[in-house]
Amino acid sequence: MVKGISRRVIVVRSPDERLFEQAIFLLKEDALQQEGVTAQQVVQEAKEVADSYLRKHSPAGRRFQWLRRYSRWLWFLAGAACAGALALVV
């Protein structure tokens, strides 16, 4: 709980309000005072964090989680299958 302290916040609105309306991020006091950090970069980071959370914890995001985990092996097997088919043809 914040009492009597002025805080800077970033509110990221959800494009699909079925899951949540908005995400609220509390900025560190020195976040915009660091060298090379712009307000646009801070907002972009907040959007990426919200998207990452949604992908990880929503049913649609979890549906293809196994595909991301094993994508290298799937590409390897697909390449091996193509190479084997080419060897049979030649």
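Which residues make a nonpolar surface patch of about 580 Å²? Tyr70, Trp73, Leu74, Phe76 and Leu77 do. Areas come from the Shrake-Rupley method with a 1.4 Å probe, and for residues only the protein chains shown count as cover.

Before we go on, keep in mind that this is a predicted model, where local features need pLDDT of at least 70, side-chain atom pairs count only at pLDDT 80 or more, and totals for chains, interfaces and linings use all residues. Residues are numbered from 1 along each chain as its sequence is written, and side-chain values use heavy atoms, with hydrogens and water left out.

Now the overall layout. The chain has 4 helices and 2 strands, in the order β-β-α-α-α-α. These are DSSP runs numbered from the N terminus: helices are H or I with at least four residues, strands are E with at least two. Of the 90 residues, 12% count as buried, meaning under 20% relative accessible area, while exposed is over 50% and partly exposed is in between (1.4 Å probe, protein chains only). The chain exposes about 8300 Å², with carbon and sulfur atoms supplying 58% of that.

Trp73 sits in helix 4 (residues 71-89) and counts as exposed because its relative accessible area is 58%. Phe76 is exposed too, and lies 3 residues from Trp73 in helix 4, about one turn of the helix. There is 1 aromatic pair, where rings of Phe, Tyr and Trp (its six-membered ring) have centres within 6.5 Å. That pair is Trp73 with Phe76, edge-to-face at 6.0 Å centre to centre and 90 degrees between the planes; planes over 60 degrees apart get that label, under 30 are stacked, and the rest are tilted.

What about the inside? In soluble globular proteins, nonpolar side chains tend to be buried together. The largest nonpolar core here has 6 residues: Ile10, Val12, Leu27, Ala31, Val42 and Ala46. Such a core is a set of buried Ala, Val, Leu, Ile, Met, Phe, Trp, Tyr and Cys residues joined through side-chain atoms within 4.5 Å. Strand 1 (9-13) and helix 1 (39-57) each give two or more residues to it.

Val12, in strand 1, counts as buried because its relative accessibility is 10%.

Definitions and conventions. Patches are made of residues with over 30% relative accessible area and no salt bridge: like charges are joined within 9 Å, nonpolar side chains (Val, Leu, Ile, Met, Phe, Trp, Tyr) within 5 Å. A salt bridge is a side-chain nitrogen of Lys or Arg within 4 Å of a carboxyl oxygen of Asp or Glu.
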